[in-house]
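Here's a quick tour of a protein model for anyone just starting out. Have a look at the picture first, then read on.

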Amino acid sequence: PHQLNEPSTVALHRGAIVVADKRNGRVVQWLPGSREGLSIAGYGAPLNGINNIGMSLSIANAPDGGLFVVDRSNDRILKVKDSMVEVLGEGLWELRRPLHACATPQGAV
C-alpha cells in the first residue's frame, strides 16, 4: 500500500519525517525532497527478519540515532538502526501492551 492508513505518531528523525502507519503495520520515512515514503520497519521494509509489526504502534527517537518502534499488539519495543532491528529487553522484560518509549541521554529505556 502506498497510502497511509490511520497514522498514529510522527517524528523528525535524522532530518527525515517518520510516520507510524498504524493500519498498514509499518513505519514510513520521507527523506528531504522525496515524493514517496520508504517503509523502514514492518510491512515492506528490507530488514533482518522482524517485519511483522502489529496494528497498534508508536515511534520515538533513540539517543544513539536509532528509532524506537513500540509494537503494542505484540507486547514489545523494537529498535531500528541502519536497516537492522532488535527487540529490546527480549527475555528480560515482560511488557504488556506498551504505549510509548523514551530513553535517557545515557541510553536507558
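Is Asp64 buried, exposed or partly exposed? Asp64 is partly exposed, with a relative accessible area of 34% (buried means under 20% relative accessible area, exposed over 50%, and partly exposed in between, using a 1.4 Å probe and protein chains only). Keep in mind that this is a predicted model, where local features need pLDDT of at least 70, side-chain atom pairs count only at pLDDT 80 or more, and totals for chains, interfaces and linings use all residues. Residues are numbered from 1 along each chain as its sequence is written, and side-chain values use heavy atoms, leaving out hydrogens and water.

**Salt bridges**

- You'll find eight salt bridges in the structure (a salt bridge is a side-chain nitrogen of Lys or Arg within 4 Å of a carboxyl oxygen of Asp or Glu).
- One of them pairs Arg23 with Glu6, with the closest N and O atoms 3.0 Å apart.
- Arg23 sits in the loop between strand S2 (16-21) and strand S3 (26-30), while Glu6 is in the segment before strand S1 (7-13), so this pair ties together parts that are 17 residues apart in sequence.
- Strands here are DSSP runs (E, at least two residues), just as helices are (H or I, at least four residues), numbered from the N terminus.

**Asp64 and its partners**

- Asp64 meets Lys79 in a salt bridge, at 2.5 Å from N to O.
- This pair links distant parts of the chain, with Lys79 in strand S7 (residues 76-81) and Asp64 in the loop between strand S5 (57-61) and strand S6 (67-71), 15 residues apart.
- Lys79 is buried, at 14% relative accessible area, whereas Asp64 is partly exposed.
- Asp71 and Arg76 also join their side chains in a salt bridge (2.9 Å, N to O), and both of these residues are buried.
- Then there's a network: salt bridges with shared partners connect Asp64, Lys79, Lys81 and Glu86.

**The sheet**

- Four strands make an open, antiparallel sheet in the order S1-S2-S3-S4 (two strands pair if DSSP finds at least two bridges between them).
- At the edges are S1 and strand S4 (38-42), each of which pairs on one side only.
- S2 and S3 run antiparallel and are joined by five bridges.
- Asp21 has Arg26, in S3, as its bridge partner.
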